[in-house]
Every structure is written in structure tokens, then in C-alpha cells.
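User: Hi! Could you walk me through this structure while I have it open on my screen?

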Amino acid sequence: MTDEDWAGWHDAYDVPGSPLERRLQVVRKWIAAALDAGATRVVSLCAGQGRDLLPVLAAHPGRDRVRARLVELDEHNVAAARRSAPPGVEVVGGDAALLGAYAGAVPADLVLVCGVFGNVSDADVRRTVGLLPQLCAPGATVVWTRNRREPDLVPRICGWFEDGGFERVEVEGDDGYGVGVHRYAGPPVALEAGERMFTFR
């Protein structure tokens, strides 16, 4: 698999006990919790094949009330997500780093930033966290991931969230992966559609 083989990257989800498989289960747990709490508008950045959200949504009793937008650049992943997407879920083939990709779908109650922070610079992680309020309704849940390899950036990411008006809900994981959950406690912020959050390395 090359660095650009983002469809093949998903194969590790199917390996029992792999860090990605364990991470996926934790992310799904927090997605279900947000849906249970009444989240009805969802956006997912660099959504891949939608393996985190789509199975949870399909099994959730409130699925018919949910409107979601998944943004993904890789055309193979977009096709796979579209095959699995139920009514109410829009899969957009485009650059998830551009805030304009979410126009009309935000402010959201649940924002998924999974598989992003390990593939961009530390400066772009901080920039993205600083711009996330533009995607969030007050009280929104953000679920994010980052590997725990040294130097472990997870504690600093938590600090950036908390400096930006988010409250920490939970951080889970081990030395292979980390899953963070933060709740937006700030006011509504207008979407600046021309802004770029990050650039993949």
C-alpha cells in the first residue's frame, strides 16, 4: 500500500485487534452516544468509506431524523460510502479541508474528525481545532482521533480544544491510538467558506 492508497488503508479495520479496529469501536461508541443524545446534523471530515458513522446510523432508531454530510476526496472511498449511505446521508467527493465543503450542512450537532490529525502538521492540527467552531452548533460533540506514538500530541490537542471554547468529555485509547471527545461550549460562529483547515502531508 502506498501513502496514496486510501482505499487500501481501510483494510486494517478488518484485522481483529488492530489499533484501527480498536479505535473504530471506540469512535462508534461515541457516535452512538451523540445520536442517543439527540444529534440530528452530522458532518464527517475525510470520511473515507464512512465505516465509523454509517453502520451506527443504520442501526439507530433515530436514523430517519439524521441529516449527514460526508466529505472525502478519494474517489474509491466515495463510491464505497455512497453504496452504504442511507437516505439522509450525502457523500460529497471533494476537499474536506475547505470549510466551504460544509456550507448548507452546518452548524452540526456531531462533527467527526477521524483519521485527520495523524496526517497533517502539528500547526495544521492547531489551525483545524481553531476553525472547528465554524462547523459546530452550540453544544455540538466533536469526535477526533490521533495516534499516541511519541511525541504524543494528544495532550496538546486537548489543550487547543479547551483554549478554543470546547469542554473535554473523554479521551480514550492506548499507545496505539487515541480518541478524543469534546463538546463545543461557545457561541455560534459564521462559516468562512474560503478558509482551508489543513493540508495532508
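User: Let's start with Phe166: is Phe166 buried or exposed?

Analyst: Phe166 is buried, with a relative accessible area of 3%. Keep in mind that this is a predicted model.

User: OK. How many aromatic pairs turn up in the whole structure?

Analyst: A search of the whole structure gives 5 aromatic pairs. One of them is Trp144 with Phe161, a stacked pair at 5.6 Å centre to centre and 15° between the planes.

User: Where do Trp144 and Phe161 lie?

Analyst: Trp144 lies in strand β5 (residues 136–146) and Phe161 in helix α6 (residues 154–163), so their pair ties together parts that are 17 residues apart in sequence. Phe161 also pairs with Phe166: the ring centres are 5.0 Å apart and the planes are at 85°, so that pair is edge-to-face.

User: And are Trp144 and Phe161 buried or exposed?

Analyst: Trp144 counts as buried because its relative accessibility is 0%. Phe161 is buried too, also at 0%.

User: Which residues make up the aromatic cluster?

Analyst: Phe117, Trp144, Phe161, Phe166 and Tyr184 form one aromatic cluster.

User: Tell me about Phe117, then. Where is Phe117?

Analyst: Phe117 sits in the loop between β4 (108–113) and α5. With 0% relative accessibility, Phe117 counts as buried.

User: What does Phe117 touch?

Analyst: Leaving out residues up to four places away in sequence, Phe117 touches Val125, Thr128, Val129, Trp144, Thr145, Arg146, Ile157 and Phe161.

User: How far is Phe117 from Arg51?

Analyst: Their C-alpha atoms are separated by 18 Å, and the two residues are 66 residues apart along the chain.

User: Thr128 was on that contact list. What else is Thr128 in contact with?

Analyst: Apart from neighbours within four places in sequence, Thr128 is in contact with Phe117, Met197 and Phe198. Thr128 is found in helix α5, and at 0% relative accessibility Thr128 is buried.

User: Back to α6. Which residues of α6 are buried?

Analyst: The buried residues in α6 are Val154, Ile157, Cys158, Trp160 and Phe161. Looking down the axis of α6, these buried residues fall within an arc of 160°, so they line one face of the helix.

User: What do the buried residues of α6 pack against?

Analyst: They pack against α5 (122–131), β5, β6 (166–173) and β7 (178–184).

User: And which residues are exposed on the other side of α6?

Analyst: On that side, Pro155 and Asp163 are exposed.

User: Is Cys114 buried or exposed?

Analyst: Cys114 is buried, with a relative accessible area of 9%.

User: What about Cys136?

Analyst: Cys136 is in no disulfide either, and its nearest cysteine sulfur, that of Cys114, is 13 Å away. Cys136 counts as buried, at 2% relative accessibility.

Conventions
Residues are numbered from 1 along each chain as its sequence is written. This is a predicted model: local features need pLDDT of at least 70, side-chain atom pairs count only at pLDDT 80 or more; totals for chains, interfaces and linings use all residues. Side-chain values use heavy atoms; hydrogens and water are left out. Rings of Phe, Tyr and Trp (its six-membered ring) pair if their centres lie within 6.5 Å; planes under 30 degrees apart count as stacked, over 60 as edge-to-face and the rest as tilted. Helices (H or I, at least four residues) and strands (E, at least two) are DSSP runs, numbered from the N terminus. Buried means under 20% relative accessible area, exposed over 50%, partly exposed in between (1.4 Å probe, protein chains only). A disulfide is a pair of cysteine sulfur atoms within 2.5 Å. The arc is that of the directions from the helix axis to the C-beta atoms. Contact means heavy atoms within 4.5 Å.
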